Number of protein chains: 2
Amino acid sequence: MSARLTIALDAMGGDHAPEVVVAGADMARLRCPEIDYLFFGDEQRIRPLLANLPDLERISTIHHTPDAVSNDAKPAVALRAGRNSSMRLAIDAVAQGKAACVVSAGNTGALMAMAKFVLKTLPGIDRPAIASFFPTLRGESVMLDLGANIECDSRNLVEFAVMGSVFARTVLGLMEPTVGLLNIGAEEVKGHESIKAAAAQLRVTPLPGKFHGFIEGNDIPSGTVDVVVTDGFTGNVALKTAEGTAKLYSELLRRTFESSIVARLGYLLARNAFTKLKKRMDPRRYNGAMFLGLQGVCVKSHGGTDPTGFANAICVGVDLVTRGFNETIKTEMARIGDLTAAAGPDGTPQNPTVPNSSLPDSKAAAI
Amino acid sequence: MSARLTIALDAMGGDHAPEVVVAGADMARLRCPEIDYLFFGDEQRIRPLLANLPDLERISTIHHTPDAVSNDAKPAVALRAGRNSSMRLAIDAVAQGKAACVVSAGNTGALMAMAKFVLKTLPGIDRPAIASFFPTLRGESVMLDLGANIECDSRNLVEFAVMGSVFARTVLGLMEPTVGLLNIGAEEVKGHESIKAAAAQLRVTPLPGKFHGFIEGNDIPSGTVDVVVTDGFTGNVALKTAEGTAKLYSELLRRTFESSIVARLGYLLARNAFTKLKKRMDPRRYNGAMFLGLQGVCVKSHGGTDPTGFANAICVGVDLVTRGFNETIKTEMARIGDLTAAAGPDGTPQNPTVPNSSLPDSKAAAI
């Protein structure tokens with residue numbers, strides 16, 4: 001039996017807090033039975049909710065605080081004035097070793113600022129990134145950064161590539177994930193200087209995966225690579241454009257089926273198959289954006305999600321902890337750091353084909 | 001009756017040239033009956049195709065040239081070495097007043113470089129942009145830039161906003177189009193400095209439309225605004241991500257209907273409705289990226305399109321010409337330029353009349 005994990009929850013974060021947080025925690029409890037919860041927030045509002053869920057109440061502790069970070073608070077203000085907020089105390093619990101990870105559906109900017117300040121970045125990582133997985137034609141891929149860093153230099157992008165491939169390996173279970181740099185053409189001549197420099201660096205970096213080269217926007221949903229690396233501005237726009245397009249398509253599809261009685265009958269016949277499709281594309285399934293690169297696991301749930309989505313975010317956090325994501329990042333960064341250092345002073349060219357001894361040469365496992 | 005328009009066609013551009021170009025021209029002839037064609041390319045290959053289409057042959061002239069720009073040619077090389085190419089001669093025809101517009105399915109970067117060099121930008125426009133319209137929940141919107149300018153300053157973005165709203169007015173027929181700046185949050189604090197500065201400028205610029213403010217990726221397909229303004233890198237990624245997501249959805253839908261006999265029967269019943277949906281989302285319908293901001297109309301067709309798509313690109317060019325798009329841009333830029341100057345503290349003319357030559361070209365994209 002593995003040891004029980006404690007999860008710190010920002011009970012006041014999100015559009016429907018604390019109700020959705022408590023109900024989500026109850027659902028996640030059934031999927032990950034070895035967990036305990038620390039709820040941070042308004043005890044008077046959390047206590048009655050737990051009272052209705054005795055199995056959840058048994059594994060939960062409430063840390064009362066009246067303060068909460070508002071959705072429109074600027075990160076710097078939240079950092080300064082929110083020292084006693086539910087969000088901050090939940091992060092503190094991770095820093096103090098009282099919890100294995102923190103999950104919040106609150107203000108993203110404030111959460112990132114606080115998590116960075118309290119937890120600090122992992123050795124060798126300059127900037128943490130926001131990552132999320134999403135459905136593709138081949139299964140699931142992971143993309144980062146999704147908004148933590150609006151402008152990125154080549155070093156940031158290379159670090160994202162390392163963190164993304166470690167994620168694909170440890171959490172998605174891919175032996176040799178492929179990594180693509182998002183650009184506007186496959187040719188070397190195109191793109192920002194930072195992207196070109198990152199590509200040059202990635203070609204000689206012994207990633208825990210395989211560098212595929214440049215990819216374009218359409219390669220994201222087609223699943224050309226397992227890990228999509230980009231700056232936070234482009235990643236945020238791409239992810240939201242994909243979400244919006246999926247919604248557009250669903251809506252047009254709904255109208256199609258409602259356009260005639262015969263079409264409605266067609267829908268009724270295909271309904272079971274549609275339920276499967278809906279399940280596969282369900283945004284709640286992909287809820288839980290991970291803050292990678294911090295000395296502690298922090299997961300951001302969508303603010304408007306429901307209990308199913310929030311439960312998923314908790315399970316993402318549990319996955320990162322139990323699969324030793326941060327330990328692997330540290331090992332990989334140390335390994336890559338050493339190799340880079342060895343290539344430096346004496347001018348010996350670094351061997352671009354240095355094998356990753358722990359990896360088989362096989363292609364990435366099919367999802 | 002309006003005067004006949006002459007269209008210059010790069011007969012050798014695209015994956016299936018000259019066949020698709022000729023067949024597309026024949027289809028467009030039926031939709032826009034008052035047009036004549038100048039085909040530039042290999043006469044030995046074009047002549048037999050026209051011979052099979054006597055109605056097209058009657059309105060067509062072939063300008064033979066053995067040279068063509070290859071798909072992988074770098075823009076600078078094409079510009080230097082392609083002076084006698086079918087693409088260049090077709091653009092020259094517009095500059096010389098022999099044709100009202102040019103349509104090519106060839107190398108985008110080369111086409112933009114040549115068009116910029118030969119046609120020059122419109123007065124007041126620093127950088128031309130690539131624009132395209134796309135389906136949304138509300139109908140159709142236009143987005144620019146889609147790849148001509150990888151890095152944009154606030155002035156470029158403001159110019160794109162003006163050109164985009166003139167396009168929405170003259171071509172889409174919207175009286176007061178709404179214009180949104182693509183960002184990663186609606187708040188003022190987020191985004192690149194250039195975007196924030198552009199927003200500040202747009203709030204005081206009397207656009208031929210209404211400045212909505214910032215929009216996010218999901219607002220593109222939902223049709224929150226009629227005109228989406230962004231830099232060429234982000235626009236290119238967003239458009240291709242949307243296209244890829246639509247493809248992903250179609251493919252999953254196809255699999256859904258094939259998953260059981262009952263589901264297949266459901267498809268058969270809803271087939272008519274589906275045909276309508278497919279038609280609405282048909283990428284050929286949105287084929288024809290417009291190069292806006294040049295002293296001449298230039299339309300880029302997708303390289304892999306079929307005759308229907310190429311015919312659409314021709315009709316887009318005809319639309320821009322007949323609706324006086326460039327004349328309206330000139331009027332609007334002059335009006336906004338005057339207003340800006342009048343608004344200045346000492347009456348000194350402000351940015352709109354800065355000549356191109358004073359600006360560094362290093363940031364301009366090589367697509």
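Predicted model: local features only at pLDDT ≥ 70, side-chain atom pairs only at ≥ 80, totals over all residues.
Residues are numbered from 1 along each chain as its sequence is written, chains are lettered from A in the order in which they are written, and side-chain values use heavy atoms, with hydrogens and water left out.

**Between the chains**

Where chain A meets chain B, 52 residues from chain A and 55 residues from chain B take part in the contact, contact being defined as heavy atoms within 4.5 Å. In chain A, the residues that lose the most area to chain B are A:I184, A:F233 and A:Y249, which together make up 16% of what that side buries. Buried area here is the accessible area (1.4 Å probe) that two parts lose on being put together, summed over both. Two salt bridges are counted between chain A and chain B, a salt bridge being a side-chain nitrogen of Lys or Arg within 4 Å of a carboxyl oxygen of Asp or Glu. A:E216 forms a salt bridge with B:K240, and their closest N and O atoms are 2.3 Å apart.

**Between the domains of chain A**

Chain A is divided into domain 1 (1-119) and domain 2 (124-290 + 304-345 + 363-367), with bounds that come from an automatic or database domain assignment. Taken over C-alpha atoms, the centres of these two domains of chain A are separated by 26 Å. In the contact between them, 24 residues of domain 1 of chain A touch 19 residues of domain 2 of chain A, and the count of salt bridges is 0.

| Parts | Buried area | Share on carbon and sulfur atoms |
|---|---|---|
| Chain A and chain B | about 4,900 Å² | 76% |
| Domain 1 of chain A and domain 2 of chain A | about 1,600 Å² | 84% |

**Enclosed spaces**

A search of the whole structure finds 2 cavities of 30 Å³ or more. On a 1 Å grid over the protein atoms alone, a cavity is a set of points where a 1.4 Å probe fits but cannot get out, and lining residues have an atom within 4 Å of a point. Grid points are joined across faces, edges and corners, and a volume is the space filled by probe spheres set on the points.

The largest cavity holds about 40 Å³ of space, and its lining includes A:H16, A:S301 and A:F310. The second largest cavity has a volume of about 30 Å³, and among the residues that line it are B:D15, B:H16 and B:F310.

Note on methods: 1 Å grid on protein atoms, 1.4 Å probe; cavity = no way out; pocket = protein on both sides within 12 Å on 5 of 7 lines; lining within 4 Å.
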